[in-house]
Amino acid sequence: MNNFSLSLILAGLLGGCAIGPDYVRPDITVPDTFIHSETNTSTENTLDVQWWKTFNDTALTQAVEEALNANHDIQSSQASVDAVLGQFDQAKSYLYPQINATGSMNRKSVDNASNGGYQLREGITSTYAGSLSLASYEIDLFGKVRRANEAARASLLSSEYAYQTLKLSIVSNVAASYVKLSSLQRQIELGRQNVTLNDELVALNELKYKHGVIAESVLLQSLSERENAKATLSQLEAAKSAEEATFNILLGRNPSPVHVSSIDTISVPKIPNALPSTVLSRRPDVASAEQKLIAANAKIGVARAAYFPSIKLTGMLGVQSIELNDFVSDPARLWEIAPSVSVPIFSAGRIAGEVKTAEADRNQSIAQYKKAIVSAFNDTDNAIVQNTRTQEQSAYQTTRITAIEKALTQSKLRYKVGTISYSDMLLVQQQWLQASQQHIISKQNTLIAAISLYKALGGGWSDAQTPALPDFLPAGR
């Protein structure tokens, strides 16, 4: 075994320890249960990863799947993850010697060698050479490179979790936009129904006015109500067009017609309740914040390692010959080894400043990690109560609309035969329109609350979706 091999083995043995603090998860107070959760049933095995399918709407499922494949923000985030993956590979490469192979052939011709008194060999001379060279390899005696690798790995995982967070947000936005479009479509149908009703009342009032049954002011009032109904319908159609643009952007496509199901046919899913610990383990934004903390903690070790000597090693093994046959069979052998040591003597506070900055970054990451957890708890608790209350409101509105529809039918008949005034009829009509709109919006709010609760619980993501990343072997998706 030659000296070069011994040096490589020694470098591997020395690179075993790592300076700086090892990561310890901060102590955080976790509530035993959510304030508004009725039960403590964990969603660990019951929360569907593809939660959008629980609404039992094929068009919604297709829209979500299209967004996952074509949304430009998701594609951009995926590219960012791939870029960090490349940085992770670079960081890991410094744990190993970088060996380069080179080969060369040099041909030189000398003519008129005696001219000028130079004693040169006349003719053509060839030189063949080949070598393996060791690039400047830092022996990781104090763990600087290992800490840098640890930080790079945590940054990669944080980026991956951020990517999953974005996907969860995009899917939630697609589902919410779909529900809004379905609601607006139903409100437009209601608006058209109201215009038709006002057309009937105008026609009836024109007939009554012609026969002197009502005053002209009553006819004019009914005409005003009809135009107001048309204006409201136009406003709803404009709102639907704007929401379609938002929906198309989310799906990554050019302006195109959007087909949605009736809001009455979209099922309200039954979402299991969750323990706080379940939320912590499922939400990718919490996982991303923790990985940022791990990276910041590892960078303290990288900064502190600057206080210690840096040992680097370069070397070369090669062969050389002036004849091609000798180059293959019996070349001249060359080797070189050149270790170097760099010892910090005076840095005028630069290293101390870098360590202080790294420690401050770690403390900031701790605060952000704790904030992510507190936000997760509050988001989930609020989503639970909103989901419950919107379902209650929807039930109340359903009862209300049943009563007012019956009242409207009776009022239309009574006004037609003249037993009530137009103002009495108009009051019931306006109550019916308001109740119908609120009934549709209450169903919209119920569905959106369910979407928000799925998002708060970390639906659509699980840690199993994140690719396992080896510590030292070459990475790859």
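**Figure 1. Ring pairs link W51, W52, F55 and Y454 into a cluster.** Two rings of Phe, Tyr or Trp (its six-membered ring) pair if their centres lie within 6.5 Å; planes under 30 degrees apart count as stacked, over 60 as edge-to-face and the rest as tilted. By this rule there are 7 aromatic pairs. The model is predicted: local features need pLDDT of at least 70 and side-chain atom pairs count only at pLDDT 80 or more, while totals for chains, interfaces and linings use all residues. Residues are numbered from 1 along each chain as its sequence is written, and side-chain values use heavy atoms, with hydrogens and water left out.

**Figure 2. The rings of Y415 and Y422 form a tilted pair.** A pair of aromatic rings is described by the distance of the centres and the angle of the planes. For Y415 and Y422 the centres are 5.8 Å apart and the planes are at 55°, so the pair is tilted. Buried means under 20% relative accessible area, exposed over 50%, and partly exposed in between (1.4 Å probe, protein chains only). Y415 is buried, at 3% relative accessibility, and Y422 is buried at 5%. The charged end of K208 sits over the ring of Y415, 3.8 Å from its centre. For this, NZ of Lys or CZ of Arg must be within 6 Å of the ring centre and within 35 degrees of the ring normal.

**Figure 3. The largest nonpolar core has 72 residues.** Such a core is a set of buried Ala, Val, Leu, Ile, Met, Phe, Trp, Tyr and Cys residues joined through side-chain atoms within 4.5 Å. W51, F55, V174, F247 and Y415 have the most contacts inside this core. Helix 4 (144-210) is among the elements that give two or more residues to the core, and helix 4 gives the most, with 16 residues. Helices (H or I, at least four residues) and strands (E, at least two) are DSSP runs, numbered from the N terminus.

**Figure 4. V341, V343, I345 and F346 form a nonpolar patch on the surface.** Together they have about 500 Å² of accessible area, from the Shrake-Rupley method with a 1.4 Å probe, with only the protein chains shown counting as cover. Patch residues have over 30% relative accessible area and no salt bridge; like charges are joined within 9 Å, and nonpolar side chains (Val, Leu, Ile, Met, Phe, Trp, Tyr) within 5 Å. A salt bridge is a side-chain nitrogen of Lys or Arg within 4 Å of a carboxyl oxygen of Asp or Glu. V341 lies in strand 4 (residues 332-342) and is exposed, at 57%.
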